[in-house]
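Please open the model in a viewer and keep the selection panel at hand.

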Amino acid sequence: MSTRTRMATRQQTSSFFDEDDMTDLQPTFSGPVMKLMVYPPPPAKGGISVTNEDLHCLNDGEFLNDVIIDFYLKYLVLEKLKKEDAQRIHVFSSFFYKRLNQRERRTGPDTTNLPIQKRKHNRVKTWTRHVDLFQKDFIFLPINES
């Protein structure tokens, strides 16, 4: 069955069932979670650990997770771009946007007197401490929300 046929079949199937019925058709991951690899491998910094649970999201009918998205973007930058082009860009982790917009923790320091922009900046200010974003031509901010 071709990819186009599978996609059309899945679209037709979804019109016959409501979302609750569709979850029964899609097996969820079960079993112990095991680390499969780290990319890029040590001694490189910033390696992304990929588990068998992450790999499961590549199955038909599943949604990509943050780890797979970050893995693939890092792979593209490190393996597919020319070095001079890779130096012109910065790709944030898909967790950046989530952290930026995360709700305040009640157990942390009281920052309610700060403006919202300052509170958001405080959550992510260390994410680019080794990168000068103003020297980059392109900045990618992947957003993965359900």
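**Salt bridges**

Across the whole structure, a search finds three salt bridges, a salt bridge being a side-chain nitrogen of Lys or Arg within 4 Å of a carboxyl oxygen of Asp or Glu. The model is predicted, so local features need pLDDT of at least 70 and side-chain atom pairs count only at pLDDT 80 or more, whereas totals for chains, interfaces and linings use all residues. Residues are numbered from 1 along each chain as its sequence is written, and side-chain values use heavy atoms, with hydrogens and water left out.

**First stop: Asp66 and Lys98**

Select Asp66 and Lys98, whose side chains form a salt bridge with an N to O distance of 2.4 Å. Asp66 belongs to helix 4 (residues 66-80) and Lys98 to helix 6 (residues 95-100), so this pair ties together parts that are 32 residues apart in sequence. Helices (H or I, at least four residues) and strands (E, at least two) are DSSP runs, numbered from the N terminus. Are these two side chains buried or exposed? Asp66 is buried, at 9% relative accessible area, while Lys98 is partly exposed, at 35%. Here buried means under 20% relative accessible area, exposed over 50%, and partly exposed in between (1.4 Å probe, protein chains only).

**Second stop: the network at Arg88**

Next select Asp85, Arg88 and Asp137, which are linked in a network of salt bridges. Between Arg88 and Asp85, the closest N and O atoms are 3.7 Å apart; between Arg88 and Asp137, the closest N and O atoms are 2.7 Å apart. Arg88 sits in the loop between helix 5 (83-86) and strand 3 (89-91), and Asp137 in the loop between helix 7 (116-124) and strand 4 (138-140), so their pairing ties together parts that are 49 residues apart in sequence. Relative accessible area is 35% for Arg88, 27% for Asp85 and 49% for Asp137; Arg88 is partly exposed, as are Asp85 and Asp137.

Which residues make up the largest nonpolar core? Select Tyr39, Ile48, Val50, Cys57, Val67, Ile68 and Phe71, seven residues in all. A nonpolar core is a set of buried Ala, Val, Leu, Ile, Met, Phe, Trp, Tyr and Cys residues joined through side-chain atoms within 4.5 Å. Strand 2 (48-51) and helix 4 each supply at least two residues of this core, and helix 4 gives the most, with three.

Finally, centre the view on Ile48. Apart from neighbours within four places in sequence, Ile48 is in contact (heavy atoms within 4.5 Å) with Met37, Val38, Tyr39, Pro40, Val67, Asp70, Phe71 and Lys74.
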